[in-house]
Every structure is written in C-alpha cells, then in structure tokens.
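Colleague: Could you put the model up? I have some questions about it.
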Amino acid sequence: MNAPASLSKPAPQTTTKVIEAKGLGLTFETNDGPVHALTDVGLDIKKGEFVSFIGPSGCGKTTFLRVIADLEQPTSGTISVNGMSPEEARRHRAYGYVFQAAALYPWRTIERNVALPLEIMGYSRTERRERIARTLDLVNLSGFEKKYPWQLSGGMQQRASIARALAFDADLLLMDEPFGALDEIVRDHLNEQLLQLWKRTNKTICFVTHSIPEAVYLSTKIVVMSPRPGRVTDVIESTLPTERPLDIRETPEFLAIAARVREGLRAGHSYDE
Amino acid sequence: MIAIAAPSTAIGRTGIWTRMSHGTTVPVLIVVAAIIVIWYAASVWLNSAWQFQVFARGDGDWTWGEFVAGTFSQDRPLLPAPHQVAVELWNTVVGQNVTSRRSLVYHAWITLSATLLGFAMGTGLGILLAVLIVHNRAMDRSLLPWIIASQTIPILAIAPMVVVVLASIGMTGLVPKALISTYLSFFPVVVGMVKGFRSPDQIQLDLMRTYNASSNQTFWKLRFPASLPYLFTSMKVGVAASLVGAIVGELPTGAAGGLGSRLLAGSYYGQTVQIWSALLMAAALSAMLILAITVAQRVVLARMGANA
C-alpha cells in the first residue's frame, strides 16, 4: 500500500523466501496401493505474498498446506519454512492455520477461543486481553467476546477462527478452504475483509480454494494443481493492482487471469469420472 | 390454587398446572398411580391363599369386604399392600431416632456412605484407566479386554469372597463394601471416558498440534472438557451400580447394618414388609444420587455454554 506506482506485488523489498519446496513428493500407502498425493512439487513463496492453491479434489493442495504445517510428512524432496524444517517451524509457532471448519471449542466463548493459542503459548493475562481485543477488531467481531460459538453465524464463526490464527505473532497464515462452506454473498464479504487484513498485517498467506474467482481476486500468485498424481501445472503471477474493489472481477485483466487459471485446470483434468 | 394460578397465566407467566401438564409431572404421576393400583390388585391375589386358610380355620362366615381387608393387613403377607409398606417406612424413618438400629435412616446412611466412597473410588479409577488407555497404545490393547472380562464375573459370586478375604486380614465394615461398589462403578466410567477423551474431532487435535501444544495441554484444554458430558452420563450409570454393590456387599455381613442386612434379616424372618421398605429406601437413595448428578451436570454444562 506504499506508492500507487505500477501494478502487482505489495512490497517490492520482499525477497526473503518463506517457503521453499524442491522435488517434494508424498505418497500415502493405502490398502488399494500407493496414492501419490504430491509428486515433484517445486515452489517458492516470498514474504508478504498471497498465494492461492487451486485445483480439483485430490490434487494435493490441502496436502501441500498440511506438509508446510508439519501435519503430514513428505516422502521425498525437501521443504523449508522460514529457512527451517516444517517441524522446527511448527515448534517455533511460525504459522497460524485456519481449517475448513471453524473448529471453535463449543465450551469456550469467542474471546476464550481466541485466547486458546495464547494460553498454550504462555502469554500473560494482560497481553492476552490486549491481543484478543485487537484481533477481534481486525475481523470485525468486537462486541461478540462473550458469545458462545453456537450463537454466531457460520461466517462469524469462521472469522473468529481467523482471529484465533492471528492472535499470536506468526507471519505465515495457512488457510484451507476457509470459506468453502459459506454462501456466495458472505464469501465475497469475507474475501474483501481478508484482503484488507492482509494489507494491514503484511502477513504471508497460503490459501487453498477451488473457486477460480476467489483465487484470482485474492492472490498475488496462483498455483494451479492437478490430480493423480498431485502436481503443480501452472504458477501465475497476478498483474492485478493491490487495491481491489469487488467489481474488479468484471475487468478484462481479471477475466484474462481467470481464463488462464481455467485453462490450466482443464489441461490437468480428466473427465473420465 | 387454580384461582391464584390463573391470573398469573394472564400476565404472561405460565401457571403451575400448565407447566406440570406440559412437562413430565403429570405423566409420571399417572404411571405411579397405575403402579399402585396394580400393586394393590396383586397383593389381593397373592395373599388370597393364606387369607382363605385363615377364614377356613374360623367359623366360615366372611364377606368379600372382610376378605380384601384381610389380604391388606396380614402380618407376613406374600406381597404387602402399599399402605403397609408406607406405614412401615413412616415408623422406621420418622418414628425412630436416626441413631437407633431400628431406624431405616441409620441403615440407609451405612449403605450410602459405602456407596459414596466406592463411587468416588470407582469414578477416580475409571478416569485414571481411561487416561492411560487413551494415551498409551499398549494399554489400549492390553487393558480394555481385561476390563470387559472383569464385568462378566457375577458380582454375587465374588462379593462374599471379597468380604471374607478382607475380613481375614482385619478389614471389615465400610471398606470391603466400598471396594465392591468400586468394582461395579469403575466400568461405565472407563467406557464412557475413553469415548469422551476420544470425542474431539481430528481437526481440533490438528489445531493443538499447530500450536505445538504439549500432550498435557491437549488433555486439559481439549480432551478433558470435551469428555465432561460423557463423564456425567457414565456417573449416572456408575452411581446406581455402586449402590447395588454396597447392598450386595452387606448381604454376607449379616447383622452389621445397612440396607443389605435389612433385606437379609427380613428374608430370614419372613418380614416381607421390612424387605419392601428397605427396597423402596434403596430405590429412593438411588433416585436421589442420580438427581444430584443430574443437577451437577446441568450446572457444569450450563457454565460451559451448553446450548439448552
């Protein structure tokens, strides 16, 4: 958000690589034989980028996110997160993870849900209070501190779970189809809010989706993946400006990128099933 | 009453009669009334043989009214009538000093104390075993079959041996009975709590992993709170089993006191009225214990934001 200068990336000084994957592969051994969830994935993500992973089910986009998060172990290749192994990065609490479901604890109020990672990481009571107020404000949930999750709509629950991932100082935000279960209008609204949040916090975001408009609207970089075996088929650097009102989705530039994404998806897709 | 209740309905608060008929009170009362009617009918039928003998020994001059009244007032009826049991309960609960051996409250307290001690130990043991099973794969494989096998041994077979063996090493009174209660009550708690500790979704466990939470933290912040609804449900089953255990444990001790010994003494001397009042006392005790757990459950789950 510095100078309106030309186009593309938010901060030109960002050359530090947050994620560096080379020849990454992950094979699940199942009863029906091996499943190649990821094969030969090579990808660099720089600090401050907003990267979307898009592809049909089974293309390994969620698996890749889970490898970054050390929730799955790769079977070949190398990956580093903040220059460390994913496990070290997890131990250093390098990232916040937002799941498909909000996964709020039903017995905790919204503020105590946001407090959960802070309690685990040993933040002091005053610091917890300050961070809860700040992050709930960031996701526009001020005033709902004392509510229980079931008292909130699905969209608000997902915003609370984003607040929970932002509450501690991780520069990397991993989001696995966070808005997949929400309706179109709520989704548009949350996409707008997420972009503003990203600009304000300057975090690196990895975002899994299977919506083309969502991927193009949000990202500075779009990674197109295809299944069986899961692999990267195209990496698109977005040329859209950082300032993105919702109606940017009608511009020719936007449509051109969307067309390229669709083409990439179609190339890797088989219609046999 | 109705006249007082009616205006309060008008100003928005539901009257007591409306609430009772919409809730469970009226159905429960109807069932109780039905049981009492059936009970009376059964006692006429079961006590009739003896009553006919009594009349046969007399002058042979009797009416059906006298016959029914007779079946309701025998000294040692096969099935005492409800009011006979009620009178016995009144005499032994209200009519006696609670420290007297003739007081049913005295005996109920002996049984209750063993029940509560055994239940506390059983719940503690159950939770401990569930923690071990959930956190250790070897325990999971080795312990659970034994726990299930333990419950296939008939309690009536093992209880006298426990009492006799413990008495031979000088342990009598409360502890042997409490141990039998423990033996019966730990089982539902283990089964319920293993399920409860495993109830969090994979996504919630993954979340703890992304925070690099220790297994201690995962237990106290996730598994334990998630298991509480299961705990209360298992405790309700466990407390009823505990009471049964304490009563069974009192049977071999004979005169030492407690509802179990009242049952045994009653059956020795054919005091069916005494047996039935001890049975009703045991039922009331068990209902009170379950009610207490239900209240605790409501309070705890309401504080945990339960949606109801």
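Colleague: What share of the 273 residues in chain A is buried?
Modeller: Buried residues are 44% of the 273 in chain A. Buried means 20 or more other C-beta atoms within 10 Å of the residue's own, with C-beta atoms placed from the backbone. Bear in mind that this is a predicted model, where local features need pLDDT of at least 70, side-chain atom pairs count only at pLDDT 80 or more, and totals for chains, interfaces and linings use all residues. Residues are numbered from 1 along each chain as its sequence is written, and chains are lettered from A in the order in which they are written.
Colleague: How many helices and strands in chain A?
Modeller: Chain A has eight helices and nine strands, taken as DSSP runs (H or I, at least four residues, for helices; E, at least two, for strands) and numbered from the N terminus.
Colleague: And what box do its C-alpha atoms fill?
Modeller: Roughly 50 × 45 × 40 Å along the principal axes of chain A.
Colleague: New topic. Where are the domains of chain B?
Modeller: Domain 1 of chain B covers 2–76 and domain 2 covers 104–303; the bounds come from an automatic or database domain assignment. Their centres, over C-alpha atoms, are 35 Å apart.
Colleague: How many residues of chain A are in contact with chain B?
Modeller: 18 residues of chain A contact 16 of chain B, where contact means C-beta atoms, placed from the backbone, within 7 Å.
Colleague: Which elements of chain A give two or more residues to that side?
Modeller: α2 (86–91) and α3 (110–120) of chain A. The largest share, three residues, is from α3(A).

How values were computed
A residue is buried if 20 or more other C-beta atoms lie within 10 Å of its own, exposed if 12 or fewer, and partly exposed in between; C-beta atoms are placed from the backbone. Two residues are in contact if their C-beta atoms, placed from the backbone, lie within 7 Å.
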